[in-house]
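Biologist: Please take a close look at one strand and what surrounds it. Then carry on to a few other local features.

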Amino acid sequence: MEKFIIKNRYLMYLVISLIIVTGINSILNLPILEDPVITNRQAIVITRYPGVSAEKIESLITEPIEKELAEVSEVKEITSNSRTGFSFINIALEDTVNDTDLVFSKLRDKLDNAKPKLPQDAFDPIFDDERGYAYTIITALKWTDETNVNERILGRLAKDLSDSLRKVSGTDIVRVFGAAEEEILVEVNKAKLDKYNTNINSIANALLAADTKKTAGQLYSYQNKLLDLQGELDSISRVKEVPVFSDSNNNQIRVTDLAKVYKSIKEPKDEISYRNDDKAIFIAIRVNADQRVERWSEKIYEKLDKFKNNFSKPIELEIIFDQNNYIKDRLSSLIGNLLIGAIAVIAILFITLGLEPAVIVSLSIPLTVLLTMFMLSLLGIPIHQMSVTGLIVALGLLVDNAIVIVDAIALEKKRSKPGENYILKPMTILWVPLLSSTLTTILAFAPIALLPGPAGEFVGAIAISVICSLISSYIISIILIPPIFIEINKLKLSRYSFKINLGTRFKKLKELFYKSLESSLKRPILSIALSSLIAILGFITVTQLPVQFFPPADRNQFHIELKLLTQTSIAETEKYTKLINKELEEYKKIKNIDWQIGKSIPSFYYNLIADRDLSPHYAQAMVTAKSIQDVKNLIPLLQNKLSEKFPEIKVQVNKLEQGPPFKAPIEIQVFGSDIEKLREVGERIRLKLSTVPEIIFSEASIQAGEKKIVFIPNEEKIKALGFDLNTVVNLVRSRFLGLEAGSVLEENESIPIRVRLSALERSKLSDLRTTNLSFDEKLNNIPLSSIGTFSLEPALENISRKNLKRYNLVQGYLEYGVLPATVFGKIKKIIECDQDLLPYGFELKYGGEEEERGEAVGGLTSKINILMTIMLSIVILSFSSIRLALIIFLVAGLSFGLAFLSLFTFNQNLGFTAIIASMGLLGIAINASIIILSLLKEEEKAKDGDIKSIQDIVMESSTHIVSTTLTTFVGFMPLLLSEGDFWDSFSIAIAGGIVLSTVISFYFSPALFLIFTKAKRFA
């Protein structure tokens, strides 16, 4: 095979051409994204039941739905919040689920099964499984004239625009945020209701009976004709004229005689949006994951530009977020780093190898990158920050095989006589060791590629890129490098080149290194001990490393959350939002502020949790600063200032986090059935958290809210009147919440009709007491106070559940820059010191970053045993020796200590990225030892324990080991020097570890080989 490859030069040109064409085609057609696409394994179920307490929502809505959903085996976790008026259930699927559409379909079926078990007057549950991704473009349709905001016009324009954007090919989803809902309001006059002895139900029933929107059939003859019955509700004037009943004089009492009818915006609003100071509506658009964002964005921009031409001020359309800008910046930075790294690697090659070998090895870099891109296209891996980073990580590695082959061929050529074939021997000797080192490095990165769940989908592309690069490197090194060597050799570049061996250029360095090898081999036990000490120091210092799950994102954005008391109105939340917005406008480093009130802001980053629907007490802002450094300066400054200025509310200034999402860095989960005890335990824990200086504020999911009005009916009086409690409840409910009574069609818009009392007649306790209940003509105008009494009682704001059990989630939020792991230890100690904290039958668990980190690390290490066994088998088969395999695995184990020592030396955190870097280093660090041991195994004198022979072989290996070490190290320099903190610990762990691993390669492995030769000769 080797002869065939070497002699067929045209095959070489054909393979090179094929690699170039397929690689460039892949680069031009692969999807381009900012971050990897994380499979959405989250869904929510929202069920509205207005006016019903949290306790009743739990028993009537949440619990029946949860029981049905829990029957789906792929469900990992169900958490829920039951609040006054609605139920919010969050469903998380198992990390191993990939076909989420099938599972979501099962969940919808289960939800359908639950519907008959819910109260008839509750709204139908809404199932939403499309919140797990960030939007690609977010626009703001805003009204710039504060004095005359026409929300109806804005809403209609937003609907038209969203419909237009949905038609753009490549668009996945379009959603509108902050649009006011229109309604036809039938505002009933309370005095007139009492005068005519009627109730709101009668008006609503009359409107429903008059709302005929069906055809009456069809006449069938030689020409079929549709029979349509006129009279449906098609205008406000038609609604006014609907007859309700006849009075004693047979006069028709119409809707207009009892109520004021007009078109209105639904109040209170569910959500409100602001772009800086302007009332706005956000239209959020997301691209399909298989698209190139820049091409799709051009089509979206064309639609937006065309839409802008249809109106003028005070209406403006503005793009407030475009992910494509971040993609361009991120990828241009990474590709620039890749090019800088490639230039640095090539420079090292010319210094360490000389002109001709450096040219040959340098040619392998673009070929390997192009072949890697083709492999990524076959695997469906888009171009994003992780896949490109994988190429940077692999940059120093992908030349290793080529360096070894070129160096071995050059040395063999130097030894050979003229006319001898100097190519075959090195290839015959090295293809198995190189295959072994390649496979072991691949297996070291395999746990990262196989890591399940969000963490794996986020960082897995790094490992996949590295693995594809290693496979490409091996293929090119074995198939193309030998014939390329022959062709380049014909150019006689060696006459311009430096001498091959690095030591001949630096004689003193060579002599010093040669003597150190001799000393090491004469005292092998001491050499092993001293070289191992470096790694042992790393294992000792690892306990001193600060722990951080994932570093912050490198974005010039952050977000602010406002949390008021749960019973706060959206108008009050809007007031605070405007006050805080004025404070933010004073900072010149802030470019723009976009607010969403009553709901989560449209997701502008991949791991933001959008779960704040129907929350009038909540607001969230997307804040865009001028630079990443400005974000770092602004967050602690704003947190302190806003907390001091608005102590009555919770203001949280948040940085964007990398990795899987979690709600709060510190979470304590308390499980128990007794709701009052659960609240008390949660409050005790919350107070304990408040004693920790690093925690800015804390909150519990179950807490006492404001008092609620309780009506205690006199059932005897109600029975004496001939009615029941349900009748009373429905009458009161209709007066204060109103009733939906059909809809009015305006062009293609269906506007609901709502019948209710005016806001002034249903806002005070006195209105409730004096409410007259009209049951029928005989029993009318009965005050509510005559059939019962009123009292004020404590109310629960929220009841939370997890996996069908009640639990109180206590959350702690930290000062900017404080690592959760450093605070978690303190909190755990404080809680565990309280022996009487938990009542009998209660349970406590920890969540937040601690839980996410544990799951991610657990997933990373779950397959290590299998992969290590495979790695051991490969090494044993390659060397046909268990003892040589043992040396390799000892080197692998020591490499972890080298990574930890590098982190400690450069004051880095031990996080998830550092852990995956340490695992990657395992495969990289053993490569040099594999090459040295394979060469020692082929030399008879070395196998007999001849120190001089071992010394010479290690010396000969020094050129390519030093070259591969330096190329790997400089390959990481662009990541180290880049703006942002994400890759610092990752790069330092590998780059520092690979430099230290040369000590292991030169002094640990040969010394242990020598000891084993004295014990027994190698086969």
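**A hairpin and its surroundings**

Modeller: E2 and E3 form a hairpin, with 2 residues between them. Glycine 85 sits in the turn, and its phi is positive, about 95 degrees. Strands (E, at least two residues) and helices (H or I, at least four) are DSSP runs, numbered from the N terminus. This is a predicted model: local features need pLDDT of at least 70, side-chain atom pairs count only at pLDDT 80 or more, and totals for chains, interfaces and linings use all residues. Residues are numbered from 1 along each chain as its sequence is written, and side-chain values use heavy atoms, with hydrogens and water left out.

Pairing comes next. E2 covers residues 75–83 and runs antiparallel to E3 over 8 bridges. Two strands count as paired if DSSP finds at least two bridges between them. Within this pair, asparagine 81 bridges to phenylalanine 88 in E3. E3 has another partner, E1 (residues 42–48), also antiparallel, over 7 bridges. There, alanine 43 has isoleucine 91 of E3 as its bridge partner.

How many residues of E3 are buried? Strand E3 (residues 86–93) has 8 of its 8 residues buried. Buried means under 20% relative accessible area; exposed is over 50%, and partly exposed lies in between (1.4 Å probe, protein chains only). In a regular strand, side chains alternate between the two faces of the sheet. In E3, Phe86, Phe88, Asn90 and Ala92 point one way. Ser87, Ile89, Ile91 and Leu93 point the other way. Both sets are buried.

Now follow arginine 83. Its side chain makes a polar contact of 3.1 Å with the side chain of serine 615. A polar contact is a pair of N or O atoms within 3.5 Å; within protein, one must be able to donate a hydrogen and the other to accept it, and residues adjacent in sequence count only if both atoms are side-chain atoms. Serine 615 lies in the loop between strand E17 (590–597) and strand E18 (618–625). It is a loop residue, yet serine 615 is buried, at 0% relative accessible area. Leaving out residues up to four places away in sequence, serine 615 touches Arg83, Gly598 and Lys599; contact means heavy atoms within 4.5 Å. A polar atom of the serine 615 side chain also lies 3.1 Å from the backbone oxygen of aspartate 613.

Next, a helix pair. The axes of H15 (residues 424–450) and H29 (residues 864–879) come within 10 Å and cross at roughly 175 degrees. That makes H15 roughly antiparallel to H29. Axes are lines fitted to C-alpha atoms, for helices over the stretch in contact, and angles run from 0 to 180 degrees between N-to-C directions. Under 35 degrees is roughly parallel, over 145 roughly antiparallel, 65 to 115 roughly perpendicular, and the rest oblique. The residues of this contact divide into 12 nonpolar, 3 polar and no charged. Among those on H15 are Val432, Leu439 and Leu443. H29 contributes residues including Leu867, Ile870 and Met871.

Last, some backbone details. The peptide bond from glutamate 267 to proline 268 is cis, with omega near -5 degrees. Proline 268 is in the loop between strand E12 (259–265) and strand E13 (272–275). Asparagine 276 is not a glycine, yet its phi is positive, near 55 degrees. Asparagine 276 is in the loop between E13 and strand E14 (278–287). It counts as partly exposed because its relative accessibility is 22%.

Terms used: Ala, Val, Leu, Ile, Met, Phe, Trp, Tyr, Cys and Pro count as nonpolar, Asp, Glu, Lys and Arg as charged, and the others, Gly among them, as polar.
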